[in-house]
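Dear colleague,

My findings follow directly after it.

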Amino acid sequence: MKSGKYKFSLIPFGDIANTHQMILQDHQRYMAMAITQASIALEKNEVPVGAIIVHDDMVIGKGHNQVETLKDATAHAEMIALTAAMEHRNQKYLQGCTIYVTLEPCPMCAGALVWSKIDRIVFGAMDAKAGGCGSLFNISANKQLNHQIEIIQGVLEEDAKWLLKQFFAEKRN
Ligand SMILES: [Zn+2]
């Protein structure tokens, strides 16, 4: 699996460390936007998952889970963000783009992301029960498909998990 958390503190060289620090800050900044999207879902009593798609340092698509609102089992945050980004670019492919999503994409979304030819998936929390990017399946790295996606995981993981815990705690009460 082509993934792993960044370990910037281990890089001793000033310039390289600064470059990596900037990348980490960018990842966190965009993930914070994805978390804002997830909070919108939580307010609507949806499973709190949010996504942002970035191209050339610009947000070109965003989405939050709307399965209940739209009565559509496929209305995951990533699917909504993908459609928005493709509409924005007026293109069916998203080469050069990165999706930031608070939870590991499911098999459907991982498949859709492969179809989109997106460069990179940055996600927060892993989804051991339904993840399609390394947990249950590893669709994003499957060499039998015609596109593989770079994975970076664990960015603002605790924030993403906290929202999910809030949601499931409320459901139980
Ligand atoms: Zn999904």
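Across which strands does helix α5 lie, and at about what angle does helix α5 run to β4? In this predicted model, helix α5, formed by residues 157-172, lies across β3 and β4 and runs at about 60° to β4.

The strands concerned belong to an open sheet of five strands with mixed pairing, in the order β2-β1-β3-β4-β5. At its edges are β2 (58-64) and β5 (150-153), each of which pairs on one side only. Direction ignored, neighbouring strands of this sheet are turned by 15° against each other on average.

Strand β4 (residues 120-125) and β5 run parallel and are joined by four bridges. Val 122 has Ile 152, in β5, as its bridge partner.

To return to helix α5, one of its residues is Leu 164. Is Leu 164 buried or partly exposed? Leu 164 is partly exposed, because 19 other C-beta atoms lie within 10 Å, whereas a buried residue requires 20 or more. Leaving aside residues up to four places away in sequence, Leu 164 touches Pro 48 and Ala 125. The C-alpha atoms of Leu 164 and Val 47 are separated by 6.9 Å, although these residues are 117 residues apart along the chain.

Yours sincerely

Note on methods. Residues are numbered from 1 along each chain as its sequence is written. This is a predicted model: local features need pLDDT of at least 70, side-chain atom pairs count only at pLDDT 80 or more; totals for chains, interfaces and linings use all residues. Two strands pair if DSSP finds at least two bridges between them. Helices (H or I, at least four residues) and strands (E, at least two) are DSSP runs, numbered from the N terminus. Axes are lines fitted to C-alpha atoms, for helices over the stretch in contact, and angles run from 0 to 180 degrees between N-to-C directions. Two residues are in contact if their C-beta atoms, placed from the backbone, lie within 7 Å. A residue is buried if 20 or more other C-beta atoms lie within 10 Å of its own, exposed if 12 or fewer, and partly exposed in between; C-beta atoms are placed from the backbone.
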